[in-house]
Amino acid sequence: MSKSKDTSGIALILDYLNEKNRPYSAQDVFSNLQKQHGLGKTAVVKAVELLAQQGKIKEKIYGKQKIYFADQSQFTDVSDTELKGMDSRISELCTQVQTVSQSCRQVDSELKELNSSLTTKEMMSEIQELTQDCAMHRERLGKIKSTTNHVTPEEKEKIYKEQSLYVKEWKKRKRLATDMMDAILEGYPKSKKQFLEEVGIETDEDCKVTMPNV
């Protein structure tokens, strides 16, 4: 590195430490400035050591670690009122950050919802498909309505009459069977349930059959 680059690098590091006004190791300074300004690690180490020797920055040693920070004597004293004002401003900014963060989360949620929704092209395709399905069902319904093989009123009446006849016969036979069984049970030594099991008779209830009301 040329002398002019060395000088500009030293000035850059000094300005950086004064601006941030917080402790850094030489590695921290290198990591923070290398990408943007292309400073080499060796040059950074030499620069902070030189600045410390010149008294332009302060150096503290913690074990094997050297920490560098701005000379605090160059900064004016801050009153309690100013500190309170700074604290108030920090609190206000923190509130703003929370508000903005919440808004960002909401926008991010809405963006995810939009990304999971159908695109306009997909919606148009879906509408077209549904329209075709509706047309097909309308056509089918029209054919059903126009068909000529409906059951006529006369046929319905005939079916109802036949059902009524069969149900009456069912009731009649069930009544005869019940009367016969009651007569037998008068002299039967066991219960009705045992009689039905021995004879092998299944009742409507056993078959879960309900007689229609006609």
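Me: Helices here are DSSP runs of H or I with at least four residues, strands are runs of E with at least two, and both are numbered from the N terminus. With that in hand, how far apart are the end C-alpha atoms of residues 11–70?

Reply: This is a predicted model, where local features need pLDDT of at least 70, side-chain atom pairs count only at pLDDT 80 or more, and totals for chains, interfaces and linings use all residues. Residues are numbered from 1 along each chain as its sequence is written, and side-chain values use heavy atoms, with hydrogens and water left out. The span 11–70 is 58% helix and 20% strand. Its end C-alpha atoms are separated by 13 Å.

Me: What is the phi of Asn21?

Reply: Most residues other than glycine have a negative phi. Asn21 is not a glycine, yet its phi is positive, at about 50°.

Me: How many disulfides are there?

Reply: A disulfide needs two cysteine sulfur atoms within 2.5 Å. Take Cys104, which is partly exposed at 47% relative accessibility: its closest cysteine sulfur, in Cys94, is 16 Å away, so the pair is too far apart for a bond. By this rule, the number of disulfides is zero.

Technical notes: Buried < 20%, exposed > 50% of the residue type's maximum accessible area, 1.4 Å probe, protein only.
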